[in-house]
Amino acid sequence: MIRCNWRLAALTGGVIFLALASASQAGTLRTISVDGEFEDWAGIAALAADPVGDASSGDVDFGQIWMANDEKALYLRIELNRETLMQDGSPALGGGPAGNDIHLYIDGDDDSGTGLDLDGIGAELQVSFGQRSATLYTPATQGITLNEAGSLVLPTHSGDEFEIRIPFTATPGFDSVVDVVTASKVNVFMRDYAGIDRIPDSGSVTYTLATGTADPIVPIGLDRADAEDIRILSHNILNVTMATNPDPFIRILRATKPDIVNWQELRPNVWTPEQTRQFVESALPSTDGEQWFAAGHNDNVTISRFPILNQSNSDGNLIVHIDLPDDRADTDLVIFNVHTPCCNNEAGRDVEHDRISATWRDLINGEGPFTVDPGVAVAMMGDFNMVGFVRQLTNLRDGDLIDNATFGADFSPGREAGSLASVPARHTHSPEVYTWFNPPQNYAPGKLDFILYSPDVATLKSNYTLKTGDIPAADLAAAGLEAGDSSASDHLAMVADFSFKSSSPEN
Ligand SMILES: [Ca+2]
Ligand SMILES: [Ca+2]
Ligand SMILES: [Ca+2]
Ligand SMILES: [Ca+2]
């Protein structure tokens with residue numbers, strides 16, 4: 001029989017064995033970066049594998065599940081085998097095609113007699129990402145937000161596989177602490193109530209926590225590595241907040257010292273690009289021979305230390321052609337300063353992202369709104385509102401346009417390098433990458449903002465997302481920052497340094 005099965009597997013190309021972690025083995029001590037990238041799960045065996053194909057057609061179909069932990073949180077990785085918007089509950093409401101009604105149940109004290117008595121476990125916490133809510137049963141039943149649970153799930157755009165963080169404690173009202181995970185083992189299961197799938201099919205999977213302290217996160221310094229690097233900042237500044245609350249933005253400018261500032265939500269009826277230029281000049285005064293240059297379109301404003309050769313636009317998005325200094329760069333730079341439509345406006349984002357891609361394609365083909373060297377560098381950055389379908393990101397990154405009939409042929413936005421690259425921009429003092437957080441809302445923190453760049457003519461150097469609330473007081477003071485500065489907007493500032501020299505050592 002065994003030989004027969006092996007032959008069958010060989011004939012079908014199937015995999016008949018899957019290494020699963022035994023529940024009796026200790027788990028993996030590791031701080032996972034919840035960024036929607038899965039390489040940090042390398043070497044961790046799946047905790048369980050649900051059959052693929054046991055879901056109703058078109059619904060979430062759980063596959064493998066992995067778990068890890070550090071001294072503060074559980075981490076889960078789950079395969080859904082269907083394009084899913086994790087924080088969208090629309091199928092449960094009879095709506096769109098990609099939402100979910102997945103509930104995650106965690107018996108955090110390894111006691112079926114405590115918590116919510118369901119399917120053989122006693123859950124202290126239930127998290128529903130699609131409904132953007134959670135419930136504590138410790139022992140009183142208490143509804144909390146995803147933010148009060150401290151939970152994270154990425155990618156924020158659609159995907160078929162996700163990373164989740166569940167802290168050991170929840171903070172109802174952000175003014176009390178409730179223990180969720182207290183035992184050396186936890187029992188978990190997930191169920192999608194919009195469809196029929198459950199992992200595991202019955203009962204729960206048990207994860208034995210690893211003990212100890214995970215490797216610490218090495219902080220990213222705020223300063224650039226090399227004075228020659230060109231530093232770019234991108235920040236959605238929440239409806240011209242600096243007009244009424246300028247100090248946090250002045251401190252952020254002085255701490256990061258960008259060469260090129262790209263702001264979104266800078267409403268021209270409140271501040272013109274020239275007023276914005278004067279604001280940057282007041283924060284970072286020019287020395288002899290220096291000046292700031294300004295360009296704006298709609299609510300996007302770019303302020304540059306270097307001359308702006310050309311300016312155009314694409315829908316509400318600004319395009320600037322910047323004359324980088326010859327002693328620091330071998331190319332010039334085209335910036336798309338982007339703020340595409342919000343929220344569930346998928347069709348609006350599809351169109352604007354298609355037009356951005358088409359404009360970049362036309363520029364490097366010599367057919368753009370202005371003339372550039374065909375080897376010019378590009379950086380597309382800003383608030384892409386990437387809470388929707390991943391096609392809107394792969395469109396820009398890979399030149400895979402959505403509506404070719406209207407916007408023309410696909411292309412390689414990175415020329416011979418193929419795709420554009422995405423700046424990781426990890427938080428300076430944590431493994432997180434989210435760029436938007438607004439705890440009063442029911443959405444968990446998300447990565448809505450990106451910086452994409454042409455890796456053939458740009459070498460990424462230091463980069464980070466600034467979240468002042470996570471930075472130790474001494475480091476904040478040294479940088480002239482205050483802990484609340486990042487809370488002046490619902491978006492975080494992203495910083496990326498590039499070398500545009502062909503002789504850069506990383507090239
Ligand atoms: Ca990850
Ligand atoms: Ca399944
Ligand atoms: Ca329990
Ligand atoms: Ca199942």
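Trainee: What should I know about the numbering and the confidence limits before reading the model?

Mentor: Residues are numbered from 1 along each chain as its sequence is written, while chains are lettered from A and ligands numbered from 1 in the order in which they are written. The model is predicted, and local features need pLDDT of at least 70, side-chain atom pairs count only at pLDDT 80 or more, and totals for chains, interfaces and linings use all residues.

Trainee: How many helices and strands are there in the protein?

Mentor: Helices (H or I, at least four residues) and strands (E, at least two) are DSSP runs, numbered from the N terminus. The protein has eight helices and 28 strands. Its radius of gyration, taken over C-alpha atoms, is 24 Å, close to the 23 Å that the globule rule (2.2 Å times the number of residues to the power 0.38) gives for 507 residues, so the protein is as compact as a globular protein of that length. The C-alpha trace spans about 75 × 55 × 45 Å along the principal axes.

Trainee: Which strands form the open sheet that includes S17, and in what order?

Mentor: Strands of a sheet pair through backbone hydrogen bonds, either parallel or antiparallel. Here two strands count as paired if DSSP finds at least two bridges between them. The order is S19-S20-S18-S17-S28-S27, with mixed pairing, and the edge strands, each pairing on one side only, are S19 (293-297) and S27. Within this sheet S17 and S28 are antiparallel over five bridges, and Ile230 has Phe498 in S28 as its bridge partner.

Trainee: Which strands of that sheet does helix H3 touch?

Mentor: Contact is judged by C-beta atoms, placed from the backbone, lying within 7 Å, and angles run from 0 to 180 degrees between N-to-C directions, with axes being lines fitted to C-alpha atoms, for helices over the stretch in contact. H3 packs on the sheet by touching S17, S27 and S28, and its direction makes about 25° with that of S28. Helix H4 lies across S18 (260-264), S19 and S20 (300-304), running at about 140° to S19.

Trainee: Which residues of H3 are buried?

Mentor: An α-helix has 3.6 residues a turn, so residues three or four places apart point the same way. A residue is buried if 20 or more other C-beta atoms lie within 10 Å of its own, exposed if 12 or fewer, and partly exposed in between. In H3 (residues 246-256) the buried residues are Pro248, Phe249, Ile252, Leu253, Ala255 and Thr256, and their cover includes S17 (230-236), H4 (273-283), S27 (459-466), H8 (473-479) and S28 (493-499). Lys257, with a positive phi near 50°, follows H3.

Trainee: What is the strand order in the sheet that holds S24?

Mentor: That open sheet of six strands runs S21-S22-S23-S24-S26-S25 with mixed pairing. S23 (residues 333-339) and S24 (residues 377-383) pair in the parallel sense over seven bridges, and Leu333 has Ala377 in S24 as its bridge partner. Seven of the seven residues of S24 are buried, so S24 is largely enclosed by the rest of the structure.

Trainee: At what angle do H5 and H6 pack?

Mentor: Helix H5 (residues 346-364) and helix H6 (residues 391-398) pack at about 0°, with their axes 9 Å apart. They are therefore roughly parallel, where angles under 35 degrees count as roughly parallel, over 145 as roughly antiparallel, 65 to 115 as roughly perpendicular and the rest as oblique. On the H5 side the contact involves Arg349, Asp350, His353, Asp354, Ile356 and Ser357, which meet Gln392, Asn395 and Leu396 in H6.

Methods: Contact = placed C-beta atoms within 7 Å.
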